[in-house]
Amino acid sequence: HHSTPIRFGIVRERRTALLDAMAHRWREHLEADGRPADEVERRMRRGDLLRRAPELVLAFRTGDGMHTYPDDARRQGERTMFTVAGGAAVQSFLIALAAEGLGSCWVGSTIFAADVVRRVLDLPPDWQPLGAVAVGVPAEPAPPRGPRTDGLLEW
């Protein structure tokens with residue numbers, strides 16, 4: 001639609017509050033799933049990456065430029081199209097960071113706590129989190145990866 005429905009934001013002042021609230025939600029989910037206590041603790045520690053990273057950037061899909069339709073199929077198509085555009089924007093951001101010599105890691109946790117993210121950051125209800133990107137200077141260059149073909153289909 002020639003719109004810009006994607007926003008990126010650096011989280012600084014509210015970072016601890018956001019990560020604490022998200023961790024609380026994640027713990028609730030893991031415990032409600034009946035996960036053993038040791039697994040809950042192990043999985044919770046994985047989230048420490050977002051606390052340790054020098055910078056934390058969040059990506060969002062907004063409703064800016066989104067068309068409204070009277071039927072569910074086209075409304076869902078519109079949301080999917082904007083979400084796919086958000087994924088492309090995040091991937092482009094990761095590539096740009098790498099081109100600048102920065103290390104990054106995309107983490108999808110904000111997607112599972114969208115209401116928490118919007119509440120802590122005081123965001124509008126149409127802002128849909130698309131994950132967090134931990135950004136920093138790598139201790140050493142990442143080794144090149146070989147080509148992958150497991151996702152390639154031919155018809």
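1. With a relative accessibility of 63%, F112 counts as exposed; here buried means under 20% relative accessible area, exposed over 50%, and partly exposed in between (1.4 Å probe, protein chains only). Together with W106 and I111, F112 makes a nonpolar surface patch of about 340 Å². Patches are made of residues with over 30% relative accessible area and no salt bridge, like charges being joined within 9 Å and nonpolar side chains (Val, Leu, Ile, Met, Phe, Trp, Tyr) within 5 Å; the accessible areas come from the Shrake-Rupley method with a 1.4 Å probe, and for residues only the protein chains shown count as cover.

2. A word on the basis of these points. This is a predicted model, in which local features need pLDDT of at least 70 and side-chain atom pairs count only at pLDDT 80 or more, while totals for chains, interfaces and linings use all residues. Residues are numbered from 1 along each chain as its sequence is written, and side-chain values use heavy atoms, with hydrogens and water left out.

3. On the overall layout, the protein chain comprises 5 helices and 4 strands, which follow one another from the N terminus in the order β-α-α-α-β-α-β-α-β. The C-alpha atoms fill a box of roughly 50 × 40 × 35 Å along the principal axes, and 30% of the 155 residues count as buried.

4. The 4 strands form an open sheet in the order β1-β2-β4-β3, with antiparallel pairing; two strands are taken to pair if DSSP finds at least two bridges between them. β1 and β3 are the edge strands, each pairing on one side only. Neighbouring strands of this sheet are turned against each other by 25° on average, direction ignored, the axes being lines fitted to C-alpha atoms (for helices over the stretch in contact) and angles running from 0 to 180 degrees between N-to-C directions. Within the sheet, β3 and β4 run antiparallel and are joined by 5 bridges, and S104 stands opposite V135 in β4.

5. The aromatic side chains deserve a separate point, since rings of Phe, Tyr and Trp (its six-membered ring) pair if their centres lie within 6.5 Å, planes under 30 degrees apart counting as stacked, over 60 as edge-to-face and the rest as tilted. A search of the whole structure finds 2 such aromatic pairs. One of them is the tilted pair of F8 and F93, at 5.1 Å centre to centre and with 40° between the planes. This pair links distant parts of the chain, with F8 in strand β1 (residues 6–10) and F93 in helix α4 (residues 72–99), 85 residues apart. F8 is partly exposed at 36% relative accessibility, and F93 is also partly exposed, at 21%.

6. F60 and W127 also pair, and because their ring centres are 5.4 Å apart and their planes at 50°, the pair is tilted. F60 belongs to strand β2 (residues 55–61) and W127 to the loop between α5 and β4 (128–136), so the pair ties together parts that are 67 residues apart in sequence. Both F60 and W127 are buried.

7. As for charged side chains, a search of the whole structure finds 12 salt bridges, each being a side-chain nitrogen of Lys or Arg within 4 Å of a carboxyl oxygen of Asp or Glu. One of these joins E31 and R27 at 3.9 Å, N to O, and both residues lie in helix α1 (residues 15–32), 4 residues apart, about one turn of the helix. E31 is partly exposed at 46%, and R27 is partly exposed at 27% relative accessibility.

8. R35 and E39 meet in another salt bridge, at 3.3 Å from N to O; R35 counts as partly exposed at 37% relative accessibility, whereas E39, at 15%, counts as buried. D72 forms a salt bridge with R75, the closest N and O atoms being 2.2 Å apart, and because the two are 3 residues apart in helix α4, about one helical turn separates them. D72 is exposed, with a relative accessible area of 55%, while R75 is partly exposed at 29%.
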